[in-house]
Number of protein chains: 2
Amino acid sequence: MARMEVSRDGNGVESRPSRASVGRLSLYLRRLEDLEREGSGTVSSVQLGDAVGVTDAQVRKDLAHIGSLGQPGIGYPTPELITAIRRVLGLDREWSVAVVGIGNLSRALLRYRGFPQRGFRIVALFDTDASKVGQRLDGLPIHSLDQLPEVLAECKAELGLVAVPAEAAQKVADALVAAGIRGLLNFAPAVLRLPANVNLVSVDLTVQLEQLAFLVQMSAD
Amino acid sequence: MARMEVSRDGNGVESRPSRASVGRLSLYLRRLEDLEREGSGTVSSVQLGDAVGVTDAQVRKDLAHIGSLGQPGIGYPTPELITAIRRVLGLDREWSVAVVGIGNLSRALLRYRGFPQRGFRIVALFDTDASKVGQRLDGLPIHSLDQLPEVLAECKAELGLVAVPAEAAQKVADALVAAGIRGLLNFAPAVLRLPANVNLVSVDLTVQLEQLAFLVQMSAD
DNA sequence: GGATGTGAACGACTTCACAGCG
DNA sequence: CGCTGTGAAGTCGTTCACATCC
């Protein structure tokens, strides 16, 4: 490929994508995979922008972060772009995920085909509920929470998915961190406190619904 | 730079909270409700900031959007602040919600106590699956999708929750919009296209998980 | 003293506009 | 000509610093 890029002090040529940009890269990637299936060899920034709901300039800026693949007058070569985005997002490898809290939400996530498709492999399940411990779900045994250190030491999950009630969330997060997890996807309606070397993405459904209520109220002329 | 801003009523210049700010207001509100339960009559911006993980200046800016309730040297009166935030977010009323796509995700949301607590009432369920139609879930009957116009005309749901596969999402969204819905919370991994007068909040789990993968990969020391 | 409210500086992200290449 | 890549300008949001008030 191109070059080893770690931004030089001051004026690096390629800055790393911003957080917002990363979200859009995911969306581009999804669209690109569809396009490739449809046999489209190249895409323009306008096409991608339309599909994702952003301007063409925004698309070009986002894609500039990952190197210059575009050909003036032509567009971007679909397969190369897919590979490049996958690499930037860290999807050119497998990620193993541990899930804590086996309720309806976790079941929904386990059944969701998008995850394995993108290289996320769920490798361990945990719950405190004694009636669930020992059962199997999609071929995986449900472990008790206090088995977490041993089980995680063995299966080496890098990501943790927290789907427990708010009261239990911090405790669970701490246990996962202690077991060496590198990142958490939190669904509990709670603000988690983690050491700086552990990454966190939170999906707070109440907050999202309240955002919507706010927007609707605002747009009530 | 005193630009003419559109402000509601008489007292002073209140700009509306930004989107990001609204998310934080939700978090403040949750914390404030806890504090009130604990009997705390006033809060400082430092306390709130610590609880939510933002700076005190950020808290003050956010709260300034909703009027000046704070008392220098004292802090903010908890109950008044709660009321004010509720009003700004549109939580001083009930919202009726229709849910389309009755899978594990919807079941998780139906069971989630945070929603009714905040005034979100689920009033109708829809699914295409003939084996589900006619069944009841938490006391509510599951309707077929083509009953959507009639049922929604009667129960007057203002918000729609889309929890169907990506392929069906746009069609469902269109149906909800046609039925007069004012806002959508979308869980399908798809970019929806809606008329400007219908609000949209999307929760794309794949995107979130990919964000996490990116962050973890980036922080690989 | 302790805490708010807020201009001003700062930084991050987006849009614009256009040079330049295929 | 169409489309990319990118400085420049613009916009938005956050942090700072401090006057102000209890």
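## Residue classes and model

Ala, Val, Leu, Ile, Met, Phe, Trp, Tyr, Cys and Pro count as nonpolar, Asp, Glu, Lys and Arg as charged, and the others, Gly among them, as polar. By these classes, the surface near DNA strand D divides into 8 nonpolar, 10 polar and 5 charged residues. The model described here is predicted.

## Chain A overall

Chain A contains 9 helices and 9 strands. The C-alpha trace of chain A spans about 65 × 50 × 40 Å along its principal axes. Of the 221 residues in chain A, 50% are buried. When contacts in chain A between residues at least 6 apart in sequence are taken, 57% join residues at least 24 apart.

## Surface near DNA strand D

DNA strand D is surrounded by 23 residues, and the closest are Ser45(A), Arg60(A), Tyr76(A), Arg24(B) and Pro72(B). Both protein chains contribute elements: α3 of chain A, together with α1 and α3 of chain B, each supply at least two residues of this surface. Helix α3(B) gives the most, with 4 residues.

Sugar or phosphate accounts for 58% of the atoms of DNA strand D within 4 Å of the protein, and bases for the rest. Two polar contacts of chain A involve base nitrogens of DNA strand D: a polar side-chain atom of Arg60(A) lies 2.9 Å from one, and a polar backbone atom of Gly73(A) is 3.1 Å from one. From chain B, a polar side-chain atom of Thr55(B) lies 3.3 Å from a phosphate oxygen of DNA strand D.

## Surface near DNA strand C

Around DNA strand C there are 20 residues, of which the closest are Arg24(A), Ser45(B), Arg60(B), Lys61(B) and Tyr76(B). By class, they are 5 nonpolar, 10 polar and 5 charged residues. Helix α3 (56–64) of chain A and α3 of chain B each supply at least two residues of the surface near DNA strand C. The largest share, 3 residues, comes from α3(A).

Of the DNA strand C atoms within 4 Å of the protein, 58% belong to sugar or phosphate and the rest to bases. An N or O atom in the side chain of Thr55(A) is 3.4 Å from a phosphate oxygen of DNA strand C. A polar backbone atom of Gly70(B) is 3.1 Å from a phosphate oxygen of DNA strand C. A base nitrogen of DNA strand C is 3.4 Å from an N or O atom in the side chain of Arg60(A); the side chain of Arg60(A) also has a polar atom 2.9 Å from a base nitrogen of DNA strand D.

## Helix α3 of chain B

Helix α3 of chain B covers residues 56–64, and its buried residues are Val59(B), Asp62(B) and Leu63(B). Seen down the axis of α3(B), these residues fall within an arc of 95°, so they line one face of the helix. The elements that cover them include α1 (19–37), α2 (45–52), β2 (76–77) and α4 (78–89) of chain B.

## Sheet of chain B

Chain B has an open sheet of 7 strands in the order β5-β6-β4-β3-β7-β8-β9, with mixed pairing. Strands β5 (136–137) and β9 (199–202) of chain B stand at the edges, each with a single partner strand, so one side of each is left without a neighbour in the sheet.

Strand β3 (residues 95–100) of chain B runs parallel to strand β4 (residues 120–127) of chain B, joined to it by 6 bridges. Within this pair, Val100(B) stands opposite Phe126(B) in β4(B).

## Leu176 of chain B

Leu176(B) is found in helix α8 (residues 166–178) of chain B. Buried means under 20% relative accessible area, and Leu176(B), at 0% relative accessibility, therefore counts as buried. Leaving aside neighbours within four places in sequence, Leu176(B) is in contact with Val100(B), Leu148(B), Leu152(B), Gly160(B), Val162(B), Ile181(B) and Leu184(B). One of these, Val100(B), is the residue that stands opposite Phe126(B). From Leu176(B) to Ile66(B), the separation is 110 residues in sequence and 32 Å in space, C-alpha to C-alpha.

## Strands β7 and β8 of chain A

In chain A, strand β7 (residues 159–162) and β8(A) run parallel and are joined by 4 bridges. Gly160(A) stands opposite Leu184(A) in β8(A).

Strand β8 of chain A comprises residues 183–186. Gly183(A) and Leu185(A) point one way from the strand, Leu184(A) and Asn186(A) point the other way, and all are buried.

Conventions
Residues numbered from 1 in each chain as written. Chains lettered and ligands numbered in written order. Predicted model: local features only at pLDDT ≥ 70, side-chain atom pairs only at ≥ 80, totals over all residues. Heavy atoms only, no water. Buried < 20%, exposed > 50% of the residue type's maximum accessible area, 1.4 Å probe, protein only. Arc of directions from axis to C-beta. Contact = heavy atoms within 4.5 Å. Near = heavy atom within 4 Å. Polar contact = N/O pair within 3.5 Å; in protein donor to acceptor, adjacent residues only side chain to side chain. Pairing = 2+ DSSP bridges.
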